[in-house]
Amino acid sequence: MRKKQLAGGLALLLGFGLAGTPALAVDGLEGDPQRGEGLTQTCISCHQADGSGQNVPGGESWPRLAGLSAGYIARQLKDYQEGRRQNSTMAAFANMLDDQAVADVAAYYAQLPVTEAQGGDDVDDATLARGEELALRGDWNQYIVSCQSCHGPGNAGAGEAFPGIASQHAGYIAGQLHQWQEGERDNDPQGLMAAIAKRMSDEDIRAVSAWLARQRVTSAQGDSK
Amino acid sequence: MKIRKLTLTTGAAVLLAGAASAAWDEYKPLFALGYAEPEEGQLVHIPPTLQDLEDAAMSPELKEVVRRGYDLFVDTQQLRGQHVFNDMNCASCHMDAGRQPFSAALWPAAITLPDYRGKNWQVNSLEERVVGCFTYSMNGDPPEYGSDTMLAITTYMQWLAKGAPVYPDQEIYGRGYGSVDEPEQEPNYERGKEVYAQSCAICHAEDGQGLKQDGQVVFPPLWGDGSYNWGAGMSRINTSAAFIKHNMPLGQPNSLSDQEAWDVAFYMNSHERPQDPRYTGDVHETREKHANFHGRTLYGTVREVDGHLLGDHDNTGEKDFLRPEILRSRTFD
């Protein structure tokens, strides 16, 4: 999808030019994407040079960071540092960053174009249809509100609080949903995500993860602006 | 869970006892979330889903019109500037596209209208009910009676009522937004503001203007020009308290206490919004004339925190008229 990359470049210009509101990710610190890029040498072994991450079947997937909002990325890094989000892999790397560095890497990843996701290839059409239903319309008898009503149109992210989940790796999405179910991840504001995750069956999780991973996000839709 | 036998429908063969308890089952997770269970004798109806529509033995042409109605209901913004002059979709206040109990489900209107409505002192058809929500909730200029748009929306509603008895004698389970017991303490602006900051602002924003992204409404505004006007049912504190208690914060129904729901409803409706289309030119006179409605709103009252008289203005929001011409009154004298 070459076209996407172009749109991404445009979004970068618009995002930091027209809007005139630079990402103030951490306590009013302004992030500098150029400086941020220089700080990601330790990150690329997992999150890759283009921020695409990697689906790791049967293991711990590395999330796509490219195109997530700067505010969201920075808050996650702070949460790892301060133990509100616990993951032994990430804690060590988050701890290498001071507040300015957090703001800088957040600004850097936020302006990268959204990359394609992996995983979710091994499901049948009925499973995909269920995934689409949950993502776009929800299942209100179970009170599973549609993902896009919070994660924004196309599930591409809404504001700084609701990260883009379309075109995220299936393994990562499923892993996070299971973490919420088990109470291992609980840094979501107001428990908004936990409430939804806890109502999902294993089959629902498989379905929605596969469907979301297969969606393509044009950066014009993304939440990086 | 209490197992009670329900009189579902007297006389309607479609909802036999067997089908009825199946219907029950579908709503069980809702009871666990704090929604009231149906009471003895109440009419329970589970509206069909879009999948049911695909499978149904109906003419393809009719299915197409139902689909169109659904599409208009969830994306009413496609009528922006024509029939809609704020940021609302019908589905903004009617969860699950008008299927959900305690979220003003649509099917009850389809089986009980035409009926007398105190709001305009006359018998209203289903189309006139729709005109009402366009006029007030959408701050709009309703589609013509009998127009394609009107047909699509009312067909969608009637299809949702498929199999439910017309003019039922029973009370309807989960109609409207339900109700919330009167609060122990008078609803209060400051307390409401606190609830708002804690539970609502993350989506609807500190300033109540919600969130728009790339021109699309993600979280609808709760006051101001983009929201419902002073004539909308949601501006009544009792109605909005019930809506909020049973539907908000999104995904966490019944999580606020009754007091919190009243307080935040009071706070939300203590803000300015477009003028009531029934405005006579004088806010006190309008309030008086529609006392049965405004008795539960703050329209024409003074906001304590700053002495502002609510609704005392000529602002009609994005539209350039006050009252849509389509509103009609009739008498059979």
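A cavity, as the word is used on this tour, is a set of points on a 1 Å grid over the protein atoms alone where a 1.4 Å probe fits but cannot get out, and its lining residues have an atom within 4 Å of a point. Grid points are joined across faces, edges and corners, and a volume is the space filled by probe spheres set on the points. A search of the whole structure finds three cavities of 30 Å³ or more.

The model is predicted, with local features needing pLDDT of at least 70 and side-chain atom pairs counting only at pLDDT 80 or more, while totals for chains, interfaces and linings use all residues. Residues are numbered from 1 along each chain as its sequence is written, chains are lettered from A and ligands numbered from 1 in the order in which they are written, and side-chain values use heavy atoms, with hydrogens and water left out.

**The largest cavity**

Select residues of the lining, among them B:Tyr27, B:His45, B:Trp107, B:Ile172 and B:Arg175.

**Two cis peptide bonds**

B:Pro114 sits in the loop between helix H5 (107–112) and strand S1 (115–117) of chain B; helices (H or I, at least four residues) and strands (E, at least two) are DSSP runs, numbered from the N terminus. Then select B:Met248 and B:Pro249, which are also joined by a cis peptide bond, with omega of about -10°. The loop that holds B:Pro249 runs between helix H10 (237–247) and helix H11 (258–268) of chain B.

**Two residues with positive phi**

Go on to B:Ala97, which is not a glycine and yet has a positive phi of about 55°. B:Ala97 belongs to helix H4 (residues 95–98) of chain B, and it counts as buried because its relative accessibility is 9%, buried meaning under 20% relative accessible area, exposed over 50%, and partly exposed in between (1.4 Å probe, protein chains only).

Finish at B:Asn139, again not a glycine, with a positive phi of about 40°. B:Asn139 is placed in the loop between helix H6 (126–135) and helix H7 (148–160) of chain B, and with 0% relative accessibility B:Asn139 counts as buried.

Key. 1 Å grid on protein atoms, 1.4 Å probe; cavity = no way out; pocket = protein on both sides within 12 Å on 5 of 7 lines; lining within 4 Å.
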